[in-house]
Amino acid sequence: MMVVHPDYQKRGVGSALMATVLQLADSTNTPVFIRDATPAGMPLYTSNGFKQVDTLHFEYKGEVADMYTLVRGAGGKDNDTSE
């Protein structure tokens with residue numbers, strides 16, 4: 001999970017953190033899986049090659065929220081998620 005303090009959001013901190021993680025993952029040919037992406041984080045993830053593979057719907061005390069499951073293939077390559 002990656003979270004940037006609200007005082008530092010929209011300043012490139014999340015992008016820098018993501019770039020570091022993806023560089024390490026790509027150097028070891030490791031896919032990256034995100035289980036609980038929020039709608040606010042989707043632009044960062046999709047711009048870095050993540051594909052949505054599932055949507056999780058939550059309801060608690062009348063409030064509804066969606067979270068997304070994403071994957072980015074090893075080496076940044078697209079994964080075939082049809083299986």
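1. Helices (H or I, at least four residues) and strands (E, at least two) are taken here as DSSP runs, numbered from the N terminus. By this assignment K10 is placed in the segment before α1. K10 has a positive phi of about 65 degrees although it is not a glycine. With a relative accessibility of 85%, K10 counts as exposed, where buried means under 20% relative accessible area, exposed over 50%, and partly exposed in between (1.4 Å probe, protein chains only).

2. On provenance: this is a predicted model, in which local features need pLDDT of at least 70 and side-chain atom pairs count only at pLDDT 80 or more, while totals for chains, interfaces and linings use all residues. Residues are numbered from 1 along each chain as its sequence is written, and side-chain values use heavy atoms, with hydrogens and water left out.

3. Overall architecture. The chain contains 2 helices and 3 strands, and their order along the sequence is α-β-α-β-β. Taken along the principal axes, the C-alpha atoms fill a box of roughly 45 × 40 × 15 Å. Of the 83 residues, 24% count as buried.

4. The sheet. The 3 strands form an open sheet in the order β1-β3-β2, with antiparallel pairing; two strands are said to pair if DSSP finds at least two bridges between them. The edge strands are β1 (32-37) and β2, each of which pairs on one side only. Neighbouring strands of this sheet are turned by 15 degrees against each other on average, direction ignored. For this angle, axes are lines fitted to C-alpha atoms (for helices over the stretch in contact), and angles run from 0 to 180 degrees between N-to-C directions.

5. Strand pairings. Strand β2 (residues 51-60) pairs with strand β3 (residues 63-72) in the antiparallel sense over 9 bridges, and H57 has D66 in β3 as its bridge partner. These two strands form a hairpin with 2 residues between them, and K61 in the turn has a positive phi of about 50 degrees. The antiparallel pairing of β1 with β3 runs over 4 bridges, with V32 standing opposite R72 in β3. In a regular strand the side chains alternate between the two faces of the sheet.

6. Salt bridges. A salt bridge is defined as a side-chain nitrogen of Lys or Arg within 4 Å of a carboxyl oxygen of Asp or Glu, and the count by this rule is 2. In one of them, D26 is joined to R72, the closest N and O atoms being 2.8 Å apart. Because D26 lies in helix α1 and R72 in strand β3, the pair ties together parts that are 46 residues apart in sequence. D26 is partly exposed at 30% relative accessibility, whereas R72 is buried at 9%. D36 forms a salt bridge with R35, and here the closest N and O atoms are 3.9 Å apart. D36 is partly exposed, with a relative accessible area of 24%, and R35 is exposed, with 55%.

7. Aromatic contact. Rings of Phe, Tyr and Trp (its six-membered ring) pair if their centres lie within 6.5 Å; planes under 30 degrees apart count as stacked, over 60 as edge-to-face and the rest as tilted. The structure holds 1 aromatic pair. It is the edge-to-face pair of Y45 and F50, at 5.6 Å centre to centre and with 75 degrees between the planes. Y45 is buried at a relative accessible area of 10%, and F50 is buried at 3%.

8. Surface patch. Y8, V13 and L17 form a nonpolar patch on the surface, with about 260 Å² of accessible area together. Patches are made of residues with over 30% relative accessible area and no salt bridge, like charges being joined within 9 Å and nonpolar side chains (Val, Leu, Ile, Met, Phe, Trp, Tyr) within 5 Å. Accessible areas come from the Shrake-Rupley method with a 1.4 Å probe; for residues, only the protein chains shown count as cover. Y8 is found in the segment before α1 (13-27) and is partly exposed, with a relative accessible area of 46%.

9. A further backbone point and two separations. N29, in the loop between α1 and β1, has a positive phi of about 55 degrees although it is not a glycine.
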